[in-house]
Amino acid sequence: RSPSRGLGDVYKRQELAYTIRFQNTGNYPAARVIISDTLSGLLDPMSMRFTSSSHPCSWNVRNGVLLFVFDPIMLPDSGADQLGSQGFAKFKVRTVPGLQAGVVITNTANIYFDLNQPVITEPALCSIAEDANGLSAGEVPTVLVAPNPTSGIVRLVLTGAWGSEVVVTATDI
């Protein structure tokens, strides 16, 4: 599970990328693997985006609980096939708005092999940092283009700490 190596700094409303890895260390192939991840209340479940998996799976998010279901998977045991006994699921999710610097987001998953008790992952820990590049909210470079879409003149508003030169190119698809 990434980013599980201690605290990683993330910025407000940043999309976090998670990888949940699993391995069948039993002594018989696993017919089904289910991953259950109760997302932290500091993560926006509506922003969850599945990115990839090692094997075909279905997934859904209900009431803040993310489920990946690998059924059938027929995952060999590690004694029979070390590399083939491994798998993963990857997803991205954004933090909720309004988090203050220093807030720590903890996320843990439960991995079920067939009808066995779950294997619980080590917690993935992320700490909310100051806004991008250490700038305060008023200094972060932002662009406003309005109205969008338009068939005529647009208003371009640049705020924050821009460099000495800003180049703007407008194109029409």
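## Close-up views of an all-strand predicted model

**View 1. The whole chain.** The protein chain has an accessible surface of about 10,800 Å², and 53% of that belongs to carbon and sulfur atoms; accessible areas come from the Shrake-Rupley method with a 1.4 Å probe, and for residues only the protein chains shown count as cover. This is a predicted model, in which local features need pLDDT of at least 70, side-chain atom pairs count only at pLDDT 80 or more, and totals for chains, interfaces and linings use all residues. Residues are numbered from 1 along each chain as its sequence is written, and side-chain values use heavy atoms, with hydrogens and water left out. The secondary structure comes to 0 helices and 13 strands; helices (H or I, at least four residues) and strands (E, at least two) are DSSP runs, numbered from the N terminus. Of the 173 residues, 28% are buried, where buried means under 20% relative accessible area, exposed over 50%, and partly exposed in between (1.4 Å probe, protein chains only).

**View 2. Confidence along the chain.** The mean pLDDT is 85, and 83% of the residues reach 70 or more; pLDDT is the predictor's confidence in each residue, from 0 to 100. Over residues 1-7 the pLDDT is below 50, yet this stretch has 27 contacts in the model beyond near neighbours in sequence; contact means heavy atoms within 4.5 Å. Where pLDDT is low, the predicted coordinates should not be read in detail.

**View 3. The aromatic cluster.** Tyr18, Phe50, Trp59, Phe68 and Phe91 form one aromatic cluster. Rings of Phe, Tyr and Trp (its six-membered ring) pair if their centres lie within 6.5 Å; planes under 30 degrees apart count as stacked, over 60 as edge-to-face and the rest as tilted. By this rule the count comes to 6 aromatic pairs. How are the rings of Tyr18 and Phe91 arranged? Their centres are 5.3 Å apart and their planes at 20°, so the pair is stacked. This pair links distant parts of the chain, with Tyr18 in strand S2 (residues 15-23) and Phe91 in strand S7 (residues 86-95), 73 residues apart. For Phe68 and Phe91, the centres lie 5.9 Å apart and the planes at 40°, so that pair is tilted. Here Phe68 in strand S6 (residues 65-70) is 23 residues from Phe91. Tyr18 and Phe91 are both buried, and Phe68 is buried too.

**View 4. An open sheet.** Take a look at the order S5-S6-S3-S9-S10, in which 5 strands form an open sheet with antiparallel pairing; two strands pair if DSSP finds at least two bridges between them. The edge strands, S5 (58-62) and S10 (119-120), each pair on one side only. S5 is joined to S6 by 5 bridges, and Ser58 stands opposite Val69 in S6.

**View 5. Backbone details in the loops.** Most residues other than glycine have a negative phi, and most peptide bonds are trans. Asn63, in the loop between S5 and S6, has a positive phi, near 50°. Asn63 is exposed, with a relative accessible area of 83%. A cis peptide bond joins Asp71 and Pro72, with omega about 0°; Pro72 lies in the loop between S6 and S7.
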